[in-house]
Structure formats: C-alpha cells, structure tokens
Amino acid sequence: MPEQLTEDTISQIIRQVNAILEEAGTTARTGRTRPDVGRIPSDAPITQLIDHTQLAPDTMARQIEMMCFEAKQHNFASICVGSWYLPLVAELLKDSNVTLCTVVGYPYGASLPQVTAYATQEAINAGAREIDMAIHIGALKSRDLVGVFEDISDVALICHEHPDEVICKVIIETSLLTDDEKIIACQLAKQAGADFVVTGTRYDADVSVDNVRLMREVVGDGMGVKAVGDIRTLEQATALRNAGANRLGTTHGVIIAQEIASQA
C-alpha cells in the first residue's frame with residue numbers, strides 16, 4: 001500500500017463510493033462465485049497461479065496450440081486468449097484442468113455496455129469460464145460511478161448465472177489511475193459482485209507490489225487480485241503473491257516454470 005494512504009483514507013473513500021451507490025439506488029445483482037476466490041495458496045506452486053496469456057493482435061493459431069501444450073505441461077491456472085481462439089482452445093483443453101479465460105471490453109472498456117454484455121455471453125457460449133472485463137477508464141475519471149458499477153454488474157450477473165459459475169475479473173488499469181481512483185474502481189467491482197480485480201492489460205499494466213497491496217487492502221480476502229504485466233522471474237512472482245495477488249497474468253509463465261524446475 002502506498003505510504004501516503006492511510007487506512008482511514010481508504011475507509012473514507014470506500015464509504016463515499018458506497019454512499020453514492022446507495023443514493024442512486026443501485027444494488028448488487030449477484031454475489032461472488034465462492035467464498036475462497038480470494039485465497040492466496042502459500043503452499044501451492046507459483047505455476048498454479050499463472051494465467052498463461054497471449055493477447056497480441058498478431059497471435060497465430062500455432063502459437064495458441066503451443067500455449068495449450070505448455071499450460072497442461074506446467075499445470076497453469078488458465079489460458080487467457082482473445083475470443084477468436086476460444087473454440088480452438090476449448091477443444092485442446094477439454095481433457096485438462098486448465099481453465100479457459102478471455103477478455104471483453106478490451107483493452108479500455110470503451111464499448112457500449114450492451115456490447116460488452118453480449119460479448120461476455122458469446123464468450124461463455126464458446127467455452128470461456130473466466131472473463132476479464134475492462135472498465136471504461138474515462139467514465140471512472142468522469143466520476144460516472146453508477147455507470148461503471150452497472151457495467152460491471154451486467155458482466156458479473158451473466159457470468160454467475162451460468163451453471164458453471166464463470167469467474168468475473170475486472171481490469172482497472174492502475175497505470176492510468178490515481179491512488180484514489182484505484183480504490184474507487186476496486187470498491188465498485190467489489191460492490192458489483194465481481195470475483196477479482198486486475199491491475200491492468202498487457203499494454204499499460206503497472207504491476208507494482210504497491211498496487212497489488214493497495215488493491216488487496218480494499219477488497220479484503222473475499223475477492224481475488226490478479227497482477228498482470230512483464231512478470232518473468234520467480235522472484236517477481238513471489239513478491240506479487242506475498243503482496244496479495246492470487247493470480248498472475250503473464251506471457252512468461254514457461255520461463256518461471258523452468259526457473260522453478262531448475263531449483264528443484
């Protein structure tokens with residue numbers, strides 16, 4: 001948590017967010033999928049926290065196929081790909097424990113809310129069981145808190161209405177936010193019933209330990225925190241887990257897995 005932020009400051013901002021939502025008459029339409037979604041497994045290998053990610057616009061099918069092989073080999077938590085490749089990945093992962101994750105509203109949440117909601121439903125129909133949604137940064141900065149809340153609520157409800165209780169993760173893009181705005185974004189996600197908050201996209205991800213610690217402070221242990229960025233060493237990954245992250249989004253999961261194997 002950044003030194004300039006005290007627990008009183010964080011609590012005050014949280015109360016202000018809750019008051020705005022209450023005054024507007026907005027309430028959560030769903031709860032989290034399970035009570036342990038924020039658990040940080042200190043005894044589990046770091047590899048089991050990794051969302052093996054490839055969202056580059058020039059990603060080819062053969063790269064996705066290799067990712068699926070790697071994810072199964074190293075027992076990663078999930079594979080995170082663009083929705084175009086969901087049918088391919090669903091087929092390749094059907095006999096594994098690796099979860100299929102995709103993004104909606106990516107990267108900056110600038111789609112119309114109904115478009116994001118539609119994309120969420122179609123992604124789930126195609127096999128996704130984790131949805132990483134990007135909030136509209138401009139709306140947050142404009143203090144349209146009710147609009148951001150409702151956008152998150154729509155996606156969370158669609159995820160949780162599915163029989164498999166799909167995980168809803170909310171990308172807040174910390175590199176574009178002040179500390180106060182990070183708190184506001186996390187609290188909106190929490191109140192809307194989302195399961196995780198995510199530091200950012202691969203483009204602007206600010207994957208600092210301070211940001212992870214702050215996000216964990218806001219959401220408590222009842223939600224997950226996902227750190228995304230250029231995470232390529234076991235030391236980095238461990239520091240982020242110790243700060244409160246229980247998912248790690250990275251394109252370098254294999255490098256981390258190899259480092260772990262070399263120390264065995």
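# Briefing: a closed barrel and its surroundings

Strand E6 (residues 196-198) and strand E7 run parallel and are joined by 3 bridges. They belong to a closed barrel of 8 strands, which runs E1-E2-E3-E4-E5-E6-E7-E8 with parallel pairing. The model is predicted.

**The barrel**

- Neighbouring strands of the barrel, E1-E2-E3-E4-E5-E6-E7-E8, are turned by 25° against each other on average, with direction ignored.
- Strand E1 (residues 50-54) meets strand E8 (residues 247-250) through 3 bridges. These two strands run parallel.
- Within this pair, His52 stands opposite Thr250 in E8.
- Helix H4 (residues 113-125) lies across two strands, E3 (99-104) and E4 (130-134). The helix runs at about 160° to E3.

**Strand E7**

- Strand E7 covers residues 224-228. Of its 5 residues, 5 are buried, so the strand is mostly covered.
- Both faces of E7 are covered. On one side sit Gly224, Lys226 and Val228; on the other sit Val225 and Ala227.
- Towards E8, E7 pairs in the parallel sense over 3 bridges. The bridge partner of Ala227 in E8 is Leu248.

**Asp132 in strand E4**

- Asp132 lies in strand E4.
- Why does Asp132 count as buried? Its relative accessible area is 2%, and buried means under 20%.
- Which residues does Asp132 contact, leaving aside its neighbours within four places in sequence? They are Cys101, Thr102, Val103, Val104, Lys169, Ile171 and Lys226.
- Lys169 is 37 residues from Asp132 in sequence. In space, the two are 4.6 Å apart, C-alpha to C-alpha.
- Lys226, another contact of Asp132, is one of the buried residues of E7.

**The largest pocket**

- Rolling a probe the size of a water molecule over the atoms shows where empty space is left.
- The largest pocket has a volume of about 380 Å³.
- This pocket is lined by 18 residues. The closest to its centre are Arg34, Gln48, Leu49, Ala77 and Arg247.
- The lining of the largest pocket divides into 8 nonpolar, 5 polar and 5 charged residues.
- Arg247, one of the residues closest to the pocket centre, belongs to strand E8 (residues 247-250).

- Most residues other than glycine have a negative phi, and most peptide bonds are trans.
- Asn75 has a positive phi of about 60° although it is not a glycine. Asn75 lies in the loop between helix H2 (61-74) and strand E2 (78-81).
- Glu173 has a positive phi of about 55°, and it is not a glycine either. Glu173 is found in the loop between strand E5 (167-171) and helix H7 (179-192).
- Glu173 is buried, because its relative accessible area is 1%, and the cut-off is under 20%.
- The peptide bond from Tyr106 to Pro107 is cis, with omega near 5°. Pro107 is found in the loop between E3 and H4.

How values were computed. Residues are numbered from 1 along each chain as its sequence is written. This is a predicted model: local features need pLDDT of at least 70, side-chain atom pairs count only at pLDDT 80 or more; totals for chains, interfaces and linings use all residues. Side-chain values use heavy atoms; hydrogens and water are left out. On a 1 Å grid over the protein atoms alone, a cavity is a set of points where a 1.4 Å probe fits but cannot get out, and a pocket is an open set with protein on both sides within 12 Å along at least five of seven lines; lining residues have an atom within 4 Å of a point. Grid points are joined across faces, edges and corners, and a volume is the space filled by probe spheres set on the points. Ala, Val, Leu, Ile, Met, Phe, Trp, Tyr, Cys and Pro count as nonpolar, Asp, Glu, Lys and Arg as charged, and the others, Gly among them, as polar. Two strands pair if DSSP finds at least two bridges between them. Helices (H or I, at least four residues) and strands (E, at least two) are DSSP runs, numbered from the N terminus. Axes are lines fitted to C-alpha atoms, for helices over the stretch in contact, and angles run from 0 to 180 degrees between N-to-C directions. Contact means heavy atoms within 4.5 Å. Buried means under 20% relative accessible area, exposed over 50%, partly exposed in between (1.4 Å probe, protein chains only).
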